[in-house]
Amino acid sequence: MSEWFVEEDNKEIRFSCKIDETLFEGKSDYQDVKVVNTLAYGKMLILDGCVMLTETDEFVYHELISHVPLCYHKNPKNVLVIGGGDGGTVREVLKHKEVEKVILCEIDKMVVDVSKKFFPEVAGELDNKRAEVFIGDGIDYIAKHENAFDIILVDSTDPVGPGEGLFTKDFYKSVSRALKPGGIVALQSESPWFKKAFLERIQNNVGGAFQHKKAYIGPVTSYPRGLWSWTMASHDATLFDAPNLQRFRAVSKGLKYLTEGMLTTVFDIPPFFKEKIKS
Ligand code: SAM
């Protein structure tokens, strides 16, 4: 059997790739969950018709959302990941031996279970003794924690459905309260090719909760438009001064995308994107 998986980005753009097998199809309380085998990208996790990850290029996204903030923070010990039920971000965070605990707050248990079954190379560290998986809404979870985390990574779906509330100013203010002094938040902040108003709203909401923020980009070819962004924010401007290269070198051997030079150049975003988010 070979047919095409199609993700409708908008009314004028579709992303599609040939598949030869559907490995799982389910409907949780929150979304449709599907795993297919594609000819070009290998196994692919799809939520509500949107590509979440593929076994071929997931490392780009997971290395960028985790090692950049982890190498800028002065001494990261406690990390919270909101979303990220596939386990890829937790896997990268745990490469940092100084991290004592990483908590994953994922709303949909089906995503965790399916990822463990079909993407063991991504979800395998969710059973690490330094990791703890909490199934629940990240909005509720963060509201119950103050001054608790050194780093919070918001590895969410898009701002629709269960993910919508993870892009509001109120949510980012809760994140700010949940961070310890000198804490850093990093979040997936959508594609630089998306509409200005959409991107600006996310940046304004982050800026409404944090004095200092910087966006950075990277290529995720299986995502809409093939280019993605993340935004790192903090109350402490000095955090952006220089990455801890020694900490990066301790984890860099196994990395497949991020380099030492990129730790600083990732923030040198192209003018078209800077213009869109200049808030
Ligand atoms: N990490 C993947 C990647 O490579 O980009 C994709 C992101 S991960 C699959 C997004 C997760 O966010 C989903 O599993 C979804 O269930 C979860 N999520 C969405 N809204 C949430 C919420 N309010 N609280 C906790 N998790 C949420």
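Tutor: Of the 24 residues around the ligand, the nearest are Gln31, Asp86, Glu106, Gly138 and Tyr223; "near" here asks for a heavy atom within 4 Å. Keep in mind that this is a predicted model, where local features need pLDDT of at least 70, side-chain atom pairs count only at pLDDT 80 or more, and totals for chains, interfaces and linings use all residues. Residues are numbered from 1 along each chain as its sequence is written, and side-chain values use heavy atoms, with hydrogens and water left out.

Now for the polar contacts, meaning pairs of N or O atoms within 3.5 Å. Glu106 has a polar side-chain atom 2.6 Å from a ligand oxygen, and the side chain of Gln31 puts an N or O atom 2.9 Å from an oxygen of the ligand. His62 does its part with a side-chain N or O atom 3.1 Å from a ligand nitrogen. On its own the ligand has 590 Å² of accessible area (Shrake-Rupley method, 1.4 Å probe), and the protein covers 99% of that.

What kinds of residues make up the shell? By class, there are 10 nonpolar, 9 polar and 5 charged residues. Domain 1 (3-54) and domain 2 (58-277) each give the shell at least three residues, with the bounds taken from an automatic or database domain assignment.

Conventions
Polar contact = N/O pair within 3.5 Å; in protein donor to acceptor, adjacent residues only side chain to side chain. Nonpolar A, V, L, I, M, F, W, Y, C, P; charged D, E, K, R; others polar.
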